[in-house]
Amino acid sequence: MTVDDYIVVDLEMTGLNPRKDRILEIGAVKVKGKRITATFSKLIRPNAALNPKLIELTGITDEEAASGDDLDVAVLQFLEFAEELTWVGHNIIFDYSFIKQWEINRRIKQTRYAVDTLKIARKCLPDLEKKTLDHLCGRYGIERLVRHRALEDAAANQELYEKLEFQFINHSPDLFVKKELQYRAKRQTPATQRQKEWLMHLSKCYELNTDIPIEQLSRSEASRLMDRLILQYGKNAVLAGRER
């Protein structure tokens with residue numbers, strides 16, 4: 001049974017690890033009855049400088065990112081937009097892992113289902129050397145004005161999904177049946193007030209440039225940063241800085 005109502009989801013992130021990195025942009029295309037009915041696009045404020053390679057890849061500048069929405073507001077709006085629809089994406093579990101980590105951190109429990117165009121391509125196009133979204137868009141003549149921007153990639157992926165379904169639904173119907181998304185993750189508790197106060201004080205003492213804003217650190221991230229400071233400056237120096 002084909003999926004006629006779905007959303008195609010694409011996220012841009014500051015890195016590859018949902019426990020440490022942040023969602024930078026969410027894009028989605030809503031399809032009902034095989035017709036596009038709405039789109040969603042939100043740039044999210046990372047509260048930290050972007051990696052130069054990420055800026056080069058996406059074209060998103062620090063200034064643009066700084067004007068983005070709050071993470072919680074953007075994700076809640078996206079989930080409202082998504083309704084209970086099936087997700088479609090290219091390696092969708094990767095994008096989902098960032099949303100799931102956000103949900104787990106906020107004690108939200110929700111089961112979601114998806115169809116993965118990467119899995120379809122791997123099964124139905126085994127001779128292709130590359131099965132990235134870029135390569136498949138080239139193969140099927142799908143044009144994009146920009147690449148590695150969430151909404152544009154989601155729109156391209158929607159077109160790709162329709163083409164793959166048309167070509168392979170009779171050959172491999174099981175690939176087009178929604179499957180439950182499963183991603184295991186542990187809840188990240190926020191850093192304690194004592195940890196944050198200590199790190200803020202140390203950052204001033206040593207003029208530290210941390211990759212993650214102290215206010216957003218989890219307890220484990222704060223502990224790792226403390227260990228890094230001790231390794232870099234020595235325990236006595238860090239303790240002395242703490243006592244200043």
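Asp-227 is exposed, with a relative accessible area of 51%. Exposed means over 50% relative accessible area, buried means under 20%, and partly exposed lies in between (1.4 Å probe, protein chains only). Asp-227 lies in helix H9. Helices (H or I, at least four residues) and strands (E, at least two) are DSSP runs, numbered from the N terminus. Asp-227 and Leu-54 are 173 residues apart along the chain, and 27 Å separates their C-alpha atoms.

Gln-232 is also found in H9, which covers residues 219-233. Gln-232 is exposed, with a relative accessible area of 54%. Glu-152 is 80 residues from Gln-232 in sequence and 42 Å away in space, C-alpha to C-alpha.

## About the model

This is a predicted model, in which local features need pLDDT of at least 70, side-chain atom pairs count only at pLDDT 80 or more, and totals for chains, interfaces and linings use all residues. Residues are numbered from 1 along each chain as its sequence is written, and side-chain values use heavy atoms, with hydrogens and water left out.

## The whole protein

The protein has 10 helices and six strands. Its C-alpha trace spans about 70 × 35 × 35 Å along the principal axes. Of its 244 residues, 45% count as buried.

The accessible surface comes to about 13,800 Å². Carbon and sulfur atoms hold 49% of that surface. Such areas come from the Shrake-Rupley method with a 1.4 Å probe; for residues, only the protein chains shown count as cover. Now take contacts between residues at least 6 apart in sequence: 69% of them join residues at least 24 apart. Contact means heavy atoms within 4.5 Å.

## The sheet

Six strands form an open sheet in the order S3-S2-S1-S4-S5-S6. The pairing is mixed. Two strands pair if DSSP finds at least two bridges between them. Strands S3 (35-43) and S6 (179-180) stand at the edges. Each has a single partner strand, so one side of each is left without a neighbour in the sheet.

Start with the antiparallel pairs. S1 (residues 6-13) and S2 (residues 23-32) pair in the antiparallel sense over eight bridges. Here Asp-10 stands opposite Gly-27 in S2. S2 and S3 also pair in the antiparallel sense, over eight bridges. Glu-25 stands opposite Leu-43 in S3. The hairpin of S2 and S3 has two residues between the strands, and Gly-33 takes a positive phi near 60° there.

Next come the parallel pairs. Three bridges join S1 to S4, and these strands run parallel. Tyr-6 has Thr-86 of S4 as its bridge partner. S4 and S5 run parallel too, joined by three bridges. Gly-89 has Asp-116 of S5 as its bridge partner.

Which way do the residues of S4 point? Thr-86 and Val-88 point one way, and Trp-87 and Gly-89 the other way. All four are buried. In a regular strand the side chains alternate between the two faces of the sheet.

## Helix H4

S4, H4 and S5 make a right-handed β-α-β unit. A crossover is right-handed if, with the strands pointing away from the viewer, the path from the first strand over the helix to the second runs clockwise.

How many residues of H4 are buried? The count is 12 of 14, so H4 is largely enclosed by the rest of the structure. Among the buried residues are Tyr-96, Phe-98, Trp-102 and Ile-104. Their cover includes S1, S2, helix H3 (71-82), S4 and S5.

The 14 residues of H4 should span 20 Å at 1.5 Å a residue. The end C-alpha atoms are 20 Å apart, which agrees. The expected span is 1.5 Å times one less than the number of residues. After H4 comes Arg-107, whose phi is positive, near 60°.

## Helix H7

H7 (residues 150-168) has 19 residues. From first C-alpha to last, H7 reaches 26 Å, close to the 27 Å expected at 1.5 Å a residue. Its buried residues include Ala-150, Ala-154, Asn-157, Tyr-161, Leu-164 and Phe-168. An α-helix has 3.6 residues a turn, so residues three or four places apart point the same way.
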